[in-house]
Amino acid sequence: GQPRKRVGAVSTVTGKAAELSLDPTGTLGNFAVSAGKVLASASGNLIQFPRNNLAALDTATGALTDWNPDCNGTVYSLAVSSNAVFVGGSFSRIGGLERINLAAVDPQNGQVLSWNPQTGGGMNALAIAGDTLYVGGFAAVDVHTGKAMPWNPKANGEVRSLQVVNNVIYAAGVFTLIGGKARNYLAALDPVTGLATDWDPNPNGPVISVLSSKGTLYAGGAFNRIGGRARANLAALSMETGQATLWSAEPNGSVLALAAAHDTVFAAGQFAFIGGQTRTNLAGLDMRIQSNNSTRWNPAVSSLLSESISGSSIRSVLATENTLYVGGNVRFGPELRPYLAAFDFPPRLQAVRPQGVRPFQVDVHGASGRVYVLETSTNLQAWLPVRTNSGPFSLREGGVTNSGGYYRAKTLE
């Protein structure tokens, strides 16, 4: 490994350090990806070089970029459109300009845009649908003009997470009234009127994070009943009825963040057991298995030197096609990287038979720059290498035949 101050990225396969240069002295918040950069929000200084509350790292190299909006207060939430990064939090200036808790930043150069809706209030959650930016439980604004819209569900408590799915706004947080109806901690809202729909899972405790994937809404928080079933801290809900499905992971502590990729729900928070397995604050859960669904992936997570693991938590996760970004007040991997890590997903194979009599094509999907080896076998025991290359790549024509019977791709350490 290589020395890194307070931050690291490790591969789920190799565990080797990536070239990251974040050095947080505050608490990491949310992530977003825009213009080839990973954007990290926080409260406090973020980098060995001056970066206040908001920074960007190159997705390919992990290097700190010049993108530097320089925000003077905590950033809680980020949302990305094609030409703007929307920043929500508790601040009064960003990029040298006055902005009260909400601003738009150029994704390329970090300059603050003229967009200035002046909505006020703390911004714990942002979500974009079309030309509209939904702001917590109290506002919606035009992403181009900043003009406020009449949408205001008037939540009587914090909205911590928003998801927009099929013209419905799903809001989660610490409230008991929203959209004109009694709704405990989780609600579905009309995107035009802001009124609550009849959808009502009625959890008995706060919901901190919601995630939509493959027609199901996953809800994480601190509850033990939701959608008419006993479910501890994490549940899968029907988006039509609000009822909990048979899928159950039962973490023994709070779930604070959720992400999904490749038929897997990634749950982060403050727990020691989930999906039938011992896992520390971070786990992958198979969407296709109803119970005992923790995957074999078991990243090393340990406490910071100043804290016990029982007081530690992971608060942010973001999944892209090839990488899972995680952040919290813990250390990751065998190299004990504090606060932030990036995990590569294993390579994925797809076989395609072109037209004609040519041999079929094997596509290896994986992170750009990682080196993968494609192997073949006739008995699933003895494996022979066919091609080694940087991913993603394809083998076609005479480069591969189906005479071997089986193929697999591995990350080359």
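**Figure 1. Surroundings of Q111 in the predicted model.** Leaving out residues up to four places away in sequence, Q111 touches A104, V105 and D106, and this view, like those that follow, is taken from a predicted model. Q111 lies in the loop between strand β8, residues 102-105, and strand β9, residues 126-129. Its relative accessible area is 52%, and because exposed means over 50%, Q111 counts as exposed. L97 is 14 residues away from Q111 along the chain, and the C-alpha atoms of these two residues are separated by 9.9 Å.

Figure 2. R231 is found in the loop between β20, residues 229-230, and β21, residues 234-238. Although R231 is buried, it has no salt bridge, and E250, which carries the nearest side chain of opposite charge, is 4.7 Å away. A salt bridge requires a side-chain nitrogen of Lys or Arg within 4 Å of a carboxyl oxygen of Asp or Glu. The side chain of R231 does, however, reach the backbone oxygen of W247 at 3.4 Å. When neighbours within four places in sequence are set aside, the residues in contact with R231 include F223, N224, R225 and I226, and also W247 and E250.

**Figure 3. The hairpin of strands β10 and β11.** Strand β10, residues 132-135, pairs with β11 in the antiparallel sense over four bridges, and one of the residues involved, Y134, has A140 in β11 as its bridge partner. The two strands form a hairpin with three residues between them, and in the turn G136 has a positive phi of about 50 degrees. In a regular strand the side chains alternate between the two faces of the sheet. Within β11, residues 139-142, A139 and V141 point one way while A140 and D142 point the other way, and all of them are buried.

**Figure 4. The hairpin of strands β4 and β5.** Strand β4, residues 74-80, and strand β5, residues 85-90, run antiparallel and are joined by six bridges. Here L78 has V87 in β5 as its bridge partner, and the hairpin that β4 and β5 form has four residues between the strands.

**Figure 5. The whole protein chain, as a setting for the close-up views.** The chain has zero helices and 36 strands, and buried residues make up 54% of its 413 residues. Among contacts between residues at least 6 apart in sequence, 40% join residues that are at least 24 apart. The chain exposes about 17700 Å², of which carbon and sulfur atoms supply 47%.

Key: Residues numbered from 1 in each chain as written. Predicted model: local features only at pLDDT ≥ 70, side-chain atom pairs only at ≥ 80, totals over all residues. Heavy atoms only, no water. Buried < 20%, exposed > 50% of the residue type's maximum accessible area, 1.4 Å probe, protein only. Pairing = 2+ DSSP bridges. Lys, Arg positive; Asp, Glu negative; His and termini not counted. Polar contact = N/O pair within 3.5 Å; in protein donor to acceptor, adjacent residues only side chain to side chain. Contact = heavy atoms within 4.5 Å. Areas by Shrake-Rupley, 256 points an atom, 1.4 Å probe, with all protein chains shown as cover.
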